Each structure stands twice: as C-alpha cells, then as structure tokens.
Amino acid sequence: MNADWTYIPGGHTADDLCQRARELLPSGVFAHVIGGAGEERTLAANRAGFGRYRLLPRVLVDVAEVDTSVNILGTKLDAPIFTSPTGVINMVHPESESGIARGAAAAGVGFILSDMSSVTLEEVAAAAAPARWQQIFWRPDREIMADLVERGERAGYKAVVLSVDVGEVARRRIVRTGYRLPVEDGVANLKRYGSSEWQSRVRDRGHDADDDVSLSWKNVEWLKSIVHVPLLLKGITSPPDARRAVDAGVDGIIVSNHGGRHLDGGPGTIEVLEEILHAVGGKIPVLIDGGVRRASDIAIALSLGAAAVGLGSPVVCALACGGADVVSGFLEDLVADLRRALGVLGAPNVAGLTRDHVSRIDQYVPDTALGPFLPAR
C-alpha cells in the first residue's frame, strides 16, 4: 500500500485496514490497538475459535427480501453489530471516539463508548446516533460511579455496560515497545473527578463505608439499583457467572475477554458462547466480541444464539486509516456482507439463523489472515 492509499468500498477487509494501520501508526500505538496479554495466546484463541465452525446454507427458502435489523434492549440497529469500547484513541486519529461514533451512526450499527475515552461522553453524544451505550469500569468512589451514570443518561446513552473482567492490568505487547499510554492527558471523560472542586466534595463527604475497591456482586446490585436504563455486564466467560448475572437481575451480558488483553491462556469467546447461552436459558440477551473480523464470523455467532456481535481493533484500525469516513465504509461493507450471507444461508432475517446453520469441526483449519493481527514480536 502506498502513501495515496484510499479506502475502496467493498474492496478492503479488516486485515487490510489493520495492515495499513500498522504502516501508519507508531509501533507503540499499534501495539496498544492490536496487542494482547503475555504471549497473546488468548488473543490468538479469539481468532482461531471461528475456524472451528462451518456455515451450512439452507436452500429453497424465500430470501427475496433480507432484513438484518434487530432491537436489543430497546436499541434499534440496522444490523446486530456494535463497536466495542476502546479507550485513549486520540493518538490513533484526531477524530478519536467521535469519529467512531459518526461512522457507526452512518452504518446504522451500535456504538459503545469507553469511559477511558479521550473525548467526553457529552461531546461524543453530539456525534453519535441514538444507538449508543456507555461502558464504565468500577471505581471505589460510588459518587463517581453515580455521576458517570447520571451524565450518560442525561446525554441519551441507552444502556450501561459494566466491564467486570478487569483486575490486575496484564503485561502486554506495548511494554516491549517502550511506549507509555498518555492516560493522564488522554482521558477527558474522567478529568473532572481529579479537579479541586470534586476533591473538595470528596473530602467534605468523608469516607463512605459502601465504597469498595474490589468489584463484587454487591456492587453490581447497587449499580442496578441506581440506573434507569438497561445494565449489561461485559467480560463474562464462564457459565456460573452467567447464571449469577441472571440472578442479579442484569439485563444482558457480553461474552468478552477484553480482546485477550488481560489473561494469557484463556478461552476464545466463541468457544464458550454456547455454554453461556445454555446457562442463561434465554432469559436475557447474550452478546459477544473478540476475534470478529468478517460477516461470516458474525453469522456464526448469530447462528449459535448471540444477539449481536462487537468489533474492537478492526474499527480502531479503520479510524487510523481515514477517520469516520473509513469507519463508516468498513461497517457499511460489513452490514452488506452480512445481508448477503443471510441470503445465501437461507435466512430472511436474523431470527432465521439457527443452530442448524452452523457445524463444529474437530480439527481447526488455520486462518491465513491471522498474520496481520499477530505481527512478529
């Protein structure tokens, strides 16, 4: 690819975009976007898991009209796709999270904003369509948590997504590059909580016995009690936790391992999807992200029973390649490819995809496209 590279609708894959981003971005920034924990076995498992499934078309079905639209927890989407939350991406492109929000809106897909965003949630709301959700991490000061939720609701975010798979921060590929994330300068969404005014409020309030450094189920129950929009838990990879989430009254879960960024050696998300769906028993919607690169991956996840599928690093790579225009082009192509896939599979709509449309094979067939996502260290 040369310097005058431009995005060609229908002509570039996620792999193309990530390879181009690799050429454009400093090595440390690219490592932040694409890298995983440790030796990146979980990162590889996310991608490899889709190679254990094959799609099975059903013929002689009327697919003259194919509808990819869905409604998930009151959020209407043109396709069951959302952009996964990724923080501190102003170093990737000047349009940062607002560019992804505009691209997702143009393509009619969902958008989840990281609370580690380099643009405030209020600013991003002005750029995003109504199909926007707010992701948050647990913080020990419940006043901060409540304020984040209230700000999100005032700004029109339709759901709260609590990440529950974050404990210790793992050693990642970025460490080997020597690059240090500009977190202090880049997280505009949280700056107010370090202000002297906010700190005075905290000192005046004194110690709150309910504040808890460690995230636990009691904190989930508290958060559920204060939100006025659906609450989802992101980072569930075990059936017992999925059952506990249902018992806790959450509205949905996202099967995710943080893009393989926190635990080296964990399962790929698609590998555990069916077990978690069985544990949930249809009581709440189950979404998934991790390793998704193409429409066939989305069709596999939907056929297994996922309500929607998220993409993280490919979308950020698209942003690096040209801002909101390339993000929207990539996502629009993905929606079009999914519509074609449903037609070939004999499913006139998303609900028409069933377990009969996919089979699991015993021997993994390597994904030849894996290379750009796992560049040599």
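Biologist: Which elements do the buried residues of α10 pack against?

Modeller: This is a predicted model, where local features need pLDDT of at least 70, side-chain atom pairs count only at 80 or more, and totals for chains, interfaces and linings use all residues. Residues are numbered from 1 along each chain as its sequence is written, and side-chain values use heavy atoms, with hydrogens and water left out. Helices (H or I, at least four residues) and strands (E, at least two) are DSSP runs numbered from the N terminus. With contact meaning heavy atoms within 4.5 Å, the buried residues of α10 pack against β6 (132-136), α6 (142-154), β7 (160-163) and β8 (231-236).

Biologist: And which residues of α10 are the buried ones?

Modeller: Buried means under 20% relative accessible area, using a 1.4 Å probe on protein chains only. Helix α10 covers residues 217-226, and its buried residues are Asn219, Val220, Trp222 and Leu223.

Biologist: Let's hop over to α6. Is Arg142 buried or exposed there?

Modeller: Find Arg142 in helix α6. Its relative accessible area is 11%, so Arg142 counts as buried.

Biologist: What distance separates the C-alpha atoms of Arg142 and Trp222?

Modeller: Trp222 is one of the buried residues of α10, while Arg142 belongs to α6. Along the chain, Arg142 and Trp222 are 80 residues apart, yet their C-alpha atoms are separated by 9.4 Å.

Conventions:
Buried means under 20% relative accessible area, exposed over 50%, partly exposed in between (1.4 Å probe, protein chains only).
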